[in-house]
Amino acid sequence: MSLEKEGEGKIMVKYHISSIDLEKEENWINRYIRQGWRLKRISFLRYEFISKKTDAALRSGETEPDENAFLVRCDARSFKTRTDFQEYITFLLDAGWRHIKGDWKQDTHYFERISPNASEELFSDDASKAARYMRQAKIWLASLFVLAACSFSCFLSMPFHLQDLLNIKAQYLTPGLWQMEGIEFWSALIFETPFALIRSGALNLLILALALFTLVLLLYCIARAYTLSRKVK
């Protein structure tokens, strides 16, 4: 999808689910970079690109960027402090790479190549490329332990009984609810349904199911990141 924004030049917006495989993520973005676009920002699934011709001079002083200008590369890491993060950003900026997305607590960072003297790769060897996947795995593993602990704690503190779940109608306590009609009935039903779900334990069961799904997803991400690190080596 493309659109025009006054004063900013031509804007192209793409929606994309970011890949665990950082090389695939880079290749997807750089396909548009080589078509004359430049990655401007990423917001969840929304990737916004701007034409090199309208934005290059404003942001980097380049008036005629070639097809390899503003290539995007990804890294994965988190930082103990904002100071460490800022030093990391400054170091790569001095090397010709500008930070686009990622904060000190996030694991994925996006950089664009802004200097013609900069290498076209963010990492100089395969070992460094593999290490970023191991950092991903460690970050997700830490998240896995935290989520597992929270899920177990919530499960113990919010018990539910199967008989209450099977007889959810009994959890509606509004007097005369089932004798009401029309708008009065639907208003009362909609209002009390969340409370009935809580009393029956259905909401607890849903939370547990979502937690288990997230745990499985994290396990997959960890395994995939480890596999990718071995593949690079």
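The exercises below concern the fold and the nonpolar cores of a predicted model. Local features need pLDDT of at least 70, side-chain atom pairs count only at pLDDT 80 or more, and totals for chains, interfaces and linings use all residues. Residues are numbered from 1 along each chain as its sequence is written, and side-chain values use heavy atoms, with hydrogens and water left out.

**Exercise 1.** State how many helices and strands the chain has, and give their order.

Solution. Take helices as DSSP runs of H or I with at least four residues, and strands as runs of E with at least two, numbered from the N terminus. The chain then has seven helices and seven strands. From the N terminus on, the order is β-β-α-β-β-α-β-α-β-β-α-α-α-α.

**Exercise 2.** Find what share of the chain is buried.

Solution. Buried means under 20% relative accessible area (1.4 Å probe, protein chains only). Of the 233 residues, 39% are buried.

**Exercise 3.** Describe the largest nonpolar core and where its residues come from.

Solution. A nonpolar core is a set of buried Ala, Val, Leu, Ile, Met, Phe, Trp, Tyr and Cys residues joined through side-chain atoms within 4.5 Å. The largest one has 33 residues, and Ile29, Ile33 and Tyr110 are among those with the most contacts inside it. Elements that each supply at least two of its residues include α1 (22–33), β3 (37–43) and α7 (202–232). The most come from α7, with seven residues. A second, separate core of eleven residues includes Phe79, Trp104, Phe111 and Phe123.

Key. Buried means under 20% relative accessible area, exposed over 50%, partly exposed in between (1.4 Å probe, protein chains only).
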